[in-house]
Amino acid sequence: MTTNQVRILMIDDHPMIIEGYQNTLQFTKKDNQELLIDIANNCDEALKYIRKSSRSETPYDVLFIDISLPPSSDGRMNSGEDLAEFARDVLPTSKIVVLTMFNESYRIHNIIKNINPEGFLIKSDLTSNELASAFQAVLNNPPFYSGTVNSYIRKVISSDMVIDEKNRKILHLLSQGVKTKNLAVHIGISLSAVEKRKKQLKELFSVEDGQDETLLNEARKKGFV
């Protein structure tokens, strides 16, 4: 039987989590698979491995990237999200699996839009079986999205609403408790433009009482928050 070497980079700042991932994959790998796993606990270590792999004749097959990572020492990488976008550019044949605790619709939308990962797992959904299934699916028949991500995608696809990036950000910031008067600074438009967009959103979601909380409740139902 021919051995199939699978080169993997696991990036997470919690060593015990990585140990759990490693054990799961080693216990559930196919008989003909040999897993060659490198480990990075921060952005700086990950960058070294990614750059080295980009110069190799045998780059990584799969990268597991945790979104919540401390910034790199040079300040160029602020999170695992930045790291995944960089890896996507320099390792175009490698498959990327994003792991995150974040389950807000705005974050899910941005990760799919900016990274388009072959695997997208919300940690609160994650079991050993799901990680094992995700790994084999990503290798052989991507993409693999966990339940929360699939639920978000179904809601947005089933909605006939088209909401641009600025309006998504307005909804996200409102859900985080940011006051309307401060939205303009976060989004880079005037306060009157913010008010106009909020009015349009309330019309779009049929908010009759004019309340922000009602808007957010309707946006949640449709998967936009």
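Helices (H or I, at least four residues) and strands (E, at least two) are DSSP runs, numbered from the N terminus. This is a predicted model, in which local features need pLDDT of at least 70, side-chain atom pairs count only at pLDDT 80 or more, and totals for chains, interfaces and linings use all residues. Residues are numbered from 1 along each chain as its sequence is written, and side-chain values use heavy atoms, with hydrogens and water left out.

**Figure 1. The Pro 142 to Pro 143 peptide bond is cis.** Omega of this bond is near 5°. Pro 143 lies in the loop between H5 and S6. Most peptide bonds are trans.

**Figure 2. Phe 64 and Phe 135 form a tilted aromatic pair.** Searching the whole structure gives two aromatic pairs. Rings of Phe, Tyr and Trp (its six-membered ring) pair if their centres lie within 6.5 Å; planes under 30 degrees apart count as stacked, over 60 as edge-to-face and the rest as tilted. For Phe 64 and Phe 135 the ring centres are 6.2 Å apart and the planes are at 35°, so the pair is tilted. Distant parts of the chain are linked here: Phe 64 belongs to strand S3 (residues 62-66) and Phe 135 to helix H5 (residues 128-140), 71 residues apart. Phe 64 has a relative accessibility of 1% and counts as buried; Phe 135, at 1%, counts as buried. Buried means under 20% relative accessible area, exposed over 50%, and partly exposed in between (1.4 Å probe, protein chains only).

**Figure 3. Phe 120 and Tyr 145 form an edge-to-face aromatic pair.** Their ring centres are 6.3 Å apart and their planes are at 90°, so the pair counts as edge-to-face. Phe 120 is in strand S5 (residues 119-122) and Tyr 145 is in strand S6 (residues 144-145). The pair links distant parts of the chain, 25 residues apart. Phe 120 is buried at a relative accessible area of 1%, and Tyr 145 counts as buried at 15%.

**Figure 4. The charged end of Arg 107 sits over the ring of Phe 102.** The distance from the charged end of Arg 107 to the centre of the Phe 102 ring is 4.0 Å. A charge sits over a ring if NZ of Lys or CZ of Arg is within 6 Å of the ring centre and within 35 degrees of the ring normal.

**Figure 5. Glu 104 touches His 172 and Gln 176.** Contact means heavy atoms within 4.5 Å. Glu 104 is in the loop between strand S4 (95-100) and helix H4 (105-114). With 25% relative accessibility, Glu 104 counts as partly exposed. The C-alpha atoms of Glu 104 and Ile 37 are separated by 30 Å, and these residues are 67 residues apart along the chain.

**Figure 6. Asn 116 and Ser 206 have positive phi values.** Most residues other than glycine have a negative phi. Phi of Asn 116 is near 50°, and phi of Ser 206 is near 55°. Asn 116 lies in the loop between H4 and S5 and is partly exposed, with a relative accessible area of 47%. Ser 206 lies in the loop between H9 and helix H10 (212-221) and is exposed, with a relative accessible area of 55%.

**Figure 7. Arg 51 and Leu 91 are 8.8 Å apart in space, C-alpha to C-alpha.** In sequence, Arg 51 and Leu 91 are 40 residues apart. Arg 51 is in helix H2 (residues 43-54). At a relative accessible area of 36%, Arg 51 is partly exposed.

**Figure 8. Ala 193 is in helix H9 (residues 191-204).** Ala 193 is partly exposed, with a relative accessible area of 26%. The C-alpha atoms of Ala 193 and Glu 57 are separated by 51 Å, and the two residues are 136 residues apart along the chain. As context for this distance, the C-alpha trace of the protein spans about 65 × 40 × 30 Å along its principal axes. The protein has ten helices and six strands, and of its 225 residues 45% count as buried.

How values were computed:
Lists of a residue's contacts leave out its neighbours within four places in sequence.
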